[in-house]
Amino acid sequence: MNPQLSVMTHIRGGVFTRADARACGYPDPDIDSLLDTGGWRRIRPGTYAPHRTLTLVDDEMVHLRHLYQVLRSGEPGLIASHQSAAALHALPLWGFDLTRVHVTARTGRCGWHFDGVHRHVRDPVGPGVRSWNGLRLVSAARAIAELSTTSALAPAVALAEAAIYAGLATPASLKRAANQVERGVERARLVASLAGKGSASVAESRLRLILHDADLPAPSPDPPPMPEPTEDFGTDLSGSSLWFPDERTVVEFEPRIPFWSPRPDDSLEDAAARAFAPDPGEPAAPEPLEYCWIAWPDLDQPAVVSSQVRAAFTRATRRTGVRFFPLSRLPTNASKPSPA
């Protein structure tokens, strides 16, 4: 089940309709096949549920059901925005307050309302408004820009990187949306500038932001070399680790809240290029590597994380002679060309 249909299942309390499945990208033959093979089961005519799925009533489900009720039963013209729009886009909501629904309208009283709704008034409502399955919401890029103006930095950056990973936004669209917010433009621009394409989970996004703030080197886009299978390293670590080739260090982390993307991880072209590439011959013996493990609770203490990574770099220096020079120690005019 893709994330969009998962959102509709949350909205309807664990079930979904055929129209929901169609709106989320499932053609009728696929729907019928999933029903015939038992992947989905019929609850009543036109209403289905995932097979053997335990539906947990969590904060996200409560928020989505309340939002659906407000958009369908409330006054006309309401548009889901901020974290409510992000929820409809099936983006990870780690670090955001879901106790109130956020909508944008052209008229009315701005601020908190007694019915658990935060109303944002904007006339005109601005760009990036779209409709999905009968619901009006702002684009993912605009929702991220809106949230960036008031939220903590780490959740906003993780949300932006999740949208990039899922193909719902691009660095350019995030920058455009940041320039179009009514207040907090500089904060929204900062989030857009920090959001990169490398992260594949909330944990990785948080870790990369910590390393950036600590002026540590940026990790390589390539996966780390895999060690020989042992009791300590028996599985592929490339999906939950960062590789620092100059420091000969691998930083492993707990891959909490992975992002989702409709694009395949391995395209046919990439697979063919590897399959028909020339034989490199006998590989050279790998140099010794240093490893550093970062658990999910560690990310709440950025100073501890940066200290652990620096300690791993120091151990690698003793073993390999590689020395890390922090970029912050460069003079401010080091990058300027000398006069002719």
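How many aromatic pairs does a search of the whole structure find?

## Aromatic pairs

In this predicted model, a search of the whole structure finds 6 aromatic pairs. One of them joins phenylalanine 16 and tryptophan 40, whose ring centres lie 4.8 Å apart with the planes at 75 degrees, so the pair is edge-to-face. This pair links distant parts of the chain, since phenylalanine 16 belongs to strand E1 (residues 16-17) and tryptophan 40 to strand E2 (residues 40-44), 24 residues apart. Phenylalanine 16 and tryptophan 40 are both buried.

Between phenylalanine 244 and phenylalanine 313 the ring centres are 5.3 Å apart and the planes stand at 70 degrees, so this pair, too, is edge-to-face. Because phenylalanine 244 lies in strand E10 (residues 241-244) and phenylalanine 313 in helix H12 (residues 302-320), the pair ties together parts that are 69 residues apart in sequence. Phenylalanine 244 and phenylalanine 313 are likewise buried.

## A cluster of rings and a charge over a ring

Phe16 and Trp40 also belong to a cluster that ring pairs form together with Tyr26 and Tyr48.

A contact of another kind involves arginine 206, which lies over the face of tryptophan 296, at 4.8 Å from the ring centre.

## An enclosed helix

Helix H6 (residues 140-148) is largely enclosed by the rest of the structure, because 9 of its 9 residues are buried. Among the buried residues of H6 are Arg142 and Glu146, as well as Ser148, Ile144 and Leu147; the alanines Ala140, Ala141, Ala143 and Ala145 are buried in H6 as well.

Notes:
Residues numbered from 1 in each chain as written. Predicted model: local features only at pLDDT ≥ 70, side-chain atom pairs only at ≥ 80, totals over all residues. Heavy atoms only, no water. Phe/Tyr/Trp six-rings, centres within 6.5 Å; stacked < 30°, edge-to-face > 60°. Helix = DSSP H or I, 4+ residues; strand = E, 2+ residues; numbered from the N terminus. Buried < 20%, exposed > 50% of the residue type's maximum accessible area, 1.4 Å probe, protein only. Lys NZ or Arg CZ within 6 Å of the ring centre and 35° of its normal.
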